[in-house]
Amino acid sequence: MAEKLRIVPLGGLGEVGKNLMSIEYGRNVLVVDAGIMFPESDMLGIDYIIPDWEYLRDKESHIRAIVITHGHEDHIGALSHFLEEFNVPVYATRLTRGLIEVKLKRRRMSAPATLHTCAPGDVINIGPFTIEPYHVCHSIPDGVGLGITTPAGLIVHSGDFKLDHTPVDGWPTDYAKLAEFSGRGVLVLLSDSTNSDRPGNTPSEAVLNDAFHQVMREAPGRVIVATFASLISRIQQVVDVAAQHGRKIAIAGRAMAENTKMARELGYLNIPEGMLMTLEEIKKLPARETAIMATGTQGEPTAVLSRLAVGQHHSLHIQEGDTVVFSSHTIPGNEELIHRVVNRLFQQGADVYYDPLSPVHVSGHASQEEQKLLINLLRPRFFVPIHGELRHLKQHGKTARQLGIPAENIAVVENGYVLTFGERLEIGERVPGGYVFVDGARVGEIGPAVLREREALGRDGFVMSIIRYERRTGRPMGRPRIVTRGFIFVPGAEDLLSQAEEITLSAASAKPGTPPAEVERQIQTALSRFLYRETRSRPIVIPTVIEA
């Protein structure tokens, strides 16, 4: 009996980021991408989020390889964590491999990763899978979609794509390969949904040149262009325009500096000799002759732009006459952080350009008409919208139905749902596909309960009551000590804290032999009620009973 094809999305469906897809045939698993997602504003202290690949742990011996579509963080950011658990070969294009190597070097992997370079047009045989990368336009060079031939049929994974006829690198999406796939017959199309709610076509990257020319021409001083560290094509555009306006360029941000160095070595970034300078060197030039590329367009607290906004960068400071350009899209959930940074930059004296105020960014993702064209080119039997929030997936599913794909052949699902393809499409049980939080060196140790505590601490602070207690008599010994942070201004709250001491003393009086843990519960209950009654706030109450 023939095996069935199963596809299990473990990240990227129902959200923007942390893309990871498992494609299975029999006892063989092929993984596509392993990315991160930026934390939302209420995820206090979290650095980033990676996919939950618990589902794959008992299939470790079945994983044949992981294939990476392109070098953005939401597709490679979790790869180092994945390879720590699953020692499998990685296939990526030349630039994508270079970006991966930069990240793995920074992570200091415990074991060397097995990396293979592939290119559009290659045919890669991995177990029962035959993989054919094909070039797609995106906002980074060397991006690919994937044709994956299995014994059950051909899968086309679009990767992140747009149908840009005038790409800045002169390399449009490979329509001929898509037509060839169509001629063979496509079983399943997995298609990028990020812009499925935008009508029309996504503008070409080339339109940015006019906007950058205007900024460089009119800026009275330095121009600081902020974008993602991996957006190599955007760096090239800024370099080209800056050169025409007689400006030297510097890079601010370790990740961007490392990526720039690697991309130059591989030939993906052309910076004229003598044009790239250090931050210290560029300070000696007139402001009108300088441009700086920086990270931090998502409001990340430790990134260059956020530190500039609050005047805490070690070698750069905003000065009167600076022009700051946000050349990236806003990741959903980051709006508040970004607006805060923009406002602070204005306060520091900079002029700030950002989309939609000025056309300084275009999306790297296909809009509705391009998505329709891809579906019409391939005419797949089954359709699965990927890469996007649920609203994007739903809209993309509607578009597919409008083009004649039967509703029963369309799977609009979020992470974790097992999709089985045979004579018909079956949507099975849901497996774990949620968030794994990374907080410093801790991976997966922080969960929703800790985040709720952090939120409560940030909102109402805490009150700690420390008291000595004699279990034999069930009586407190001496006066309690009340410590509070983030709850109330202590010098103006002597009466309240004095009453809190009395409440603690009363609650710490118990029957002889009462264990300290029970006394702590009594203090917590009594003190919480008192503080809410007096202040209408609910600080976290932490009683500490020290047994004498």
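Predicted model: local features only at pLDDT ≥ 70, side-chain atom pairs only at ≥ 80, totals over all residues.
How many bridges join strand β3 to β5, and in which sense do the two strands run?

## Strand β5 and its partners

Strand β3 (residues 28-32) is joined to β5 by four bridges, and the two strands run parallel. Within β5, A65 lies opposite L30.

Strand β5 also pairs with β6 (residues 90-92), again in the parallel sense, through two bridges. Here V67 faces Y91 of β6.

## Burial of β5

Strand β5 covers residues 63-67, and four of its five residues are buried; the strand is therefore largely enclosed by the rest of the structure. Burial here denotes a relative accessible area under 20%. In a regular strand, side chains alternate between the two faces of the sheet.

## Geometry of helix α7

Helix α7 comprises 13 residues (residues 232-244). Just after α7, G246 adopts a positive phi of about 70°.

Of the 13 residues of α7, 10 are buried, so the helix is largely enclosed by the rest of the structure. The buried residues are I232, S233, R234, I235, Q236, Q237, V238, V239, V241 and A242.

The cover over these buried residues includes the helices α4 (94-107), α6 (208-218) and α8 (254-266). Strands contribute as well, including β13 (223-226), β14 (248-252) and β16 (290-294).

Definitions and conventions:
Residues numbered from 1 in each chain as written. Heavy atoms only, no water. Expected span 1.5 Å × (residues − 1). Buried < 20%, exposed > 50% of the residue type's maximum accessible area, 1.4 Å probe, protein only. Contact = heavy atoms within 4.5 Å. Pairing = 2+ DSSP bridges.
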